Amino acid sequence: VNAGHPPPLVRRQDGSVAYLEGGSLPLGAMALTRYEEVPVELAPGSVVLLYTDGLVERRSQSLDAGLGELQQMVGEGPSRPGALCRSVLDAVFDRQPPDDDVAVMALQLTGLPGGRLVLDLPAEPASLWRLRRGLRAWLERGGARHDEVYGITLAVGEAAANVVEHAYGPGDASFRVEGVNDDGEVTVTVRDSGQWREPRGADRGRGLLLMEAFMDHTAVHATDQWTSVELRRHLGVGDRQREPVLA
Amino acid sequence: MRREASPPATDGDEAPQGFSVARLHGEIDIANAAAIGVELTDSVANSAAGVVVDLSDVDYLDSAGMRLLFELAARLNRRQQELRVVVPEGSMLEPSLSVARLTDVVPLFPTVAEALGQS
């Protein structure tokens, strides 16, 4: 919705810069104005610049010329939103101090770093290293440190090993590992089509201990048809000294 | 383990003081832990004082790998032999070995030389 605001400027990941279309009159300007909602799709990395008219309006030049200059500045400006605001303001004030007050805001869509991870694997021991290879690459793309990659890989590996050890017969069982990285909040779900069996024996107990020690949150959800283990950890929370849980 | 579906190599060395040294490589999980456990147990002669298991080149060790170390320690203990484990400083393995409390029953050393008391 745009009610008489200067048009937002969008820089997409491919570097193209364009003003968003579809504005209406300012609120209260006329009694019966229709305000339209215009959906716009933006890919991660895109920057949206919002600003007041003081940024582009000069007594000495046309509004179109001001908008054209801004479009060029944003196209050539820094990629990070904070630096982009500074460079736009510096350029405008260097050229000619504005006649009106100026406010600028830049928003960048961060999206999901590393994207989503989906691995479908047969429930057999050889799947575990495949899982680790895919998981590590995904975590590294998402900005995880070495110790975070190791800890999360170990926790997910333990959940998957529990599935593999309890799978019936060879070949007919599989499991799915899904990862979501929501701005550094990593959630990995290990889901199989079998019923959850309580981890047995000392080392499976150790498996749970490891999951809990290296993740912020560990939860088992089970129904008659499937079981999932949800593991979550926030990246970049320092090198936590994890106290061993009392056995 | 850089290769698919084959156990990591174990290199055995006869060291002074009756300790043999076994170096493990790669990644250890339920796919290969049992085989490694058998190989390690067989590598320790009855006359040996014990074995030094060097994990310096191990990139991943899960609870199945830890079980093999717990079981090896218990088996050696019954034979009045000793297990010593080498984990270099800053190793990714160390925090997980502490969490699993392997460190309560098996002494860790940063180098093989220190494990053998040669430093």
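In chain A, the axes of helix α3 (residues 127-141) and helix α4 (residues 146-166) come within 10 Å and cross at roughly 150°; helices are DSSP runs of H or I with at least four residues, strands are runs of E with at least two, and both are numbered from the N terminus. Axes are lines fitted to C-alpha atoms, for helices over the stretch in contact, with angles running from 0 to 180 degrees between N-to-C directions. The model is predicted: local features need pLDDT of at least 70, side-chain atom pairs count only at pLDDT 80 or more, and totals for chains, interfaces and linings use all residues. Residues are numbered from 1 along each chain as its sequence is written, chains are lettered from A and ligands numbered from 1 in the order in which they are written, and side-chain values use heavy atoms, leaving out hydrogens and water.

**Helices α3 and α4 of chain A**

- α3(A) and α4(A) are therefore roughly antiparallel to each other (angles under 35 degrees count as roughly parallel, over 145 as roughly antiparallel, 65 to 115 as roughly perpendicular and the rest as oblique).
- Contact (heavy atoms within 4.5 Å) involves residues of α3(A) including Leu128(A), Leu131(A) and Arg132(A), and residues of α4(A) including Val149(A), Ile152(A) and Val164(A).
- The residues of this contact comprise 10 nonpolar, 2 polar and 3 charged (Ala, Val, Leu, Ile, Met, Phe, Trp, Tyr, Cys and Pro count as nonpolar, Asp, Glu, Lys and Arg as charged, and the others, Gly among them, as polar).

**Interface of chains A and B**

- Chain A contributes 27 residues to the contact and chain B contributes 23 residues.
- The buried area between the chains is about 2,200 Å², with 62% from carbon and sulfur atoms (the accessible area, with a 1.4 Å probe, that two parts lose on being put together, summed over both).
- Ile30(B), Tyr60(B) and Val99(B) supply 30% of the area that chain B buries against chain A, more than any other three residues.

**Salt bridges**

- The whole structure holds 11 salt bridges over all chains (a side-chain nitrogen of Lys or Arg within 4 Å of a carboxyl oxygen of Asp or Glu).
- Between chain B and chain A the count is 3 salt bridges.
- One salt bridge pairs Arg136(A) with Glu27(B) (2.9 Å, N to O).
- In another, the closest N and O atoms of Arg132(A) and Asp29(B) are 2.8 Å apart.
- Arg132(A) lies in helix α3 of chain A and Asp29(B) in the loop between β2 (19-28) and α1 (33-43) of chain B, so the pair joins two chains.
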